[in-house]
Amino acid sequence: METRSVTVVAVSDALGRTASEVARAAAGQFPGADISIVRLPKVDDPAQVERRLGALLARGERVAVYHTIVDAALRARVADLLARLAVPAVDLMGPATGTLAVLFGREPACAPGTIHRTDESYFKRIEAMEYFVEHDDGRGADDLSGADVVLLGVSRTSKTPLSMYLAFQGIKVANIPLAAGMEPPRSVFEVDPARLFGLISTVDVISDIRDRRLGDDLSRTVAGAYADPAAIECEMDEARSLMRRLGCFVVRTDHKAVEESAAEIMARLEAVAAAREKRRKL
């Protein structure tokens with residue numbers, strides 16, 4: 001097996017975040033490989049690239065370049081340099097903008113760094129993260145009128161991680177824990193059912209997570225019912241009954257990444273919004 005290291009240089013006329021993230025994703029497909037990813041941001045002259053690569057090549061390193069240069073003229077000059085140096089390269093921006101240019105029938109703006117500018121979406125994410133902190137695990141449950149999404153579920157159904165992930169997408173999320181024999185806050189019944197999502201897992205998964213959370217034997221003695229499968233089954237039965245009463249959209253979270261559950265919720269929100277917009281236009 002090849003054991004020599006590889007250095008991927010993420011070159012950009014902006015910050016190089018996109019190129020480095022793509023490089024990192026590609027490197028993840030080679031577990032155990034020695035792959036270093038370094039950024040070369042704010043490039044405005046091919047000489048900057050030549051100096052960086054020259055130093056690496058002089059040390060005998062194997063090098064590849066992933067670049068996201070939006071300025072077409074600069075991109076062409078860098079491509080010529082890479083060809084001259086015989087450095088394998090991936091142009092992540094040229095083909096992407098070129099395809100859209102054909103479809104729109106006009107040239108791209110060629111403005112570096114647009115994806116990372118501090119714009120409305122940035123402030124929306126910050127606002128959503130603040131909302132999440134104030135409405136995590138039942139906090140602030142007396143007023144849910146500002147929530148885009150309300151998550152309901154028994155303990156250890158991924159309410160908090162899922163809320164955090166959705167908040168980072170700019171979605172204001174409140175999550176409400178459900179416990180056996182206890183009604184949720186009255187405000188839950190006032191939320192639009194299209195914004196209510198019930199999280200469901202299996203008894204075995206929840207029991208295993210809770211048992212690991214308890215840790216030692218003393219904790220299990222004091223709060224043994226917390227991880228008891230029979231008790232969890234009762235909790236789940238009550239939770240499912242409540243979700244039916246509320247008209248929740250149910251999402252299974254067992255054996256799924258947070259991203260998968262979040263994608264399911266966001267797809268549901270988009271479908272509901274599209275259906276309502278269609279009805280509004282009729």
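**Exercises on rings, sheets and cores**

At 0% relative accessibility, phenylalanine 197 counts as buried (buried: under 20% relative accessible area; exposed: over 50%; partly exposed: in between; 1.4 Å probe, protein chains only). This is a predicted model: local features need pLDDT of at least 70, side-chain atom pairs count only at pLDDT 80 or more, and totals for chains, interfaces and linings use all residues. Residues are numbered from 1 along each chain as its sequence is written, and side-chain values use heavy atoms, with hydrogens and water left out.

**Exercise 1.** Classify the aromatic pair of the structure.

*Solution.* 
- Step 1. Count. The structure holds one aromatic pair. Rings of Phe, Tyr and Trp (its six-membered ring) pair if their centres lie within 6.5 Å; planes under 30 degrees apart count as stacked, over 60 as edge-to-face and the rest as tilted.
- Step 2. Apply. The ring centres of phenylalanine 197 and phenylalanine 249 are 5.8 Å apart and the planes stand at 75°, so the pair is edge-to-face.
- Step 3. Phenylalanine 197 lies in strand β7 (residues 196-200) and phenylalanine 249 in strand β8 (residues 249-252), so the pair ties together parts 52 residues apart in sequence. Helices (H or I, at least four residues) and strands (E, at least two) are DSSP runs, numbered from the N terminus.

**Exercise 2.** Find which rings have an arginine over them.

*Solution.* 
- Step 1. NZ of Lys or CZ of Arg must be within 6 Å of the ring centre and within 35 degrees of the ring normal.
- Step 2. Take phenylalanine 168. Arginine 125 lies over its face, 5.8 Å from the ring centre.
- Step 3. Take tyrosine 226. The charged end of arginine 210 sits over this ring, at 4.7 Å from the centre.

**Exercise 3.** Give the strand order of the four-stranded open sheet, then its edges.

*Solution.* 
- Step 1. Order. The strands run β6-β5-β7-β8, with parallel pairing. Two strands pair if DSSP finds at least two bridges between them.
- Step 2. Edges. β6 (173-178) and β8 each pair on one side only.
- Step 3. Neighbouring strands are turned by 25° against each other on average, direction ignored. Axes are lines fitted to C-alpha atoms, for helices over the stretch in contact, and angles run from 0 to 180 degrees between N-to-C directions.
- Step 4. Packing. Helix α6 (residues 159-168) touches β5, β6 and β7, and its direction makes about 170° with that of β6. Contact means heavy atoms within 4.5 Å.
- Step 5. β5 (residues 149-154) and β6 share six bridges in the parallel sense. Leucine 151 stands opposite asparagine 175 in β6.

**Exercise 4.** Which element gives the most to the largest nonpolar core?

*Solution.* 
- Step 1. Define. A nonpolar core is a set of buried Ala, Val, Leu, Ile, Met, Phe, Trp, Tyr and Cys residues joined through side-chain atoms within 4.5 Å.
- Step 2. Of its 23 residues, Val150, Leu152, Leu178, Val188, Leu196 and Leu246 touch the most other members.
- Step 3. Compare suppliers. β5, β6, β7, α7 (203-214) and α9 (229-246) each supply at least two residues of this core. α9 gives the most, with six residues.

**Exercise 5.** Locate threonine 68 and decide: buried or exposed?

*Solution.* 
- Step 1. Threonine 68 is in strand β3 (residues 62-68).
- Step 2. Its relative accessibility is 7%, so threonine 68 counts as buried.
- Step 3. Threonine 68 and valine 11 are 57 residues apart in sequence, yet 6.5 Å apart in space, C-alpha to C-alpha.
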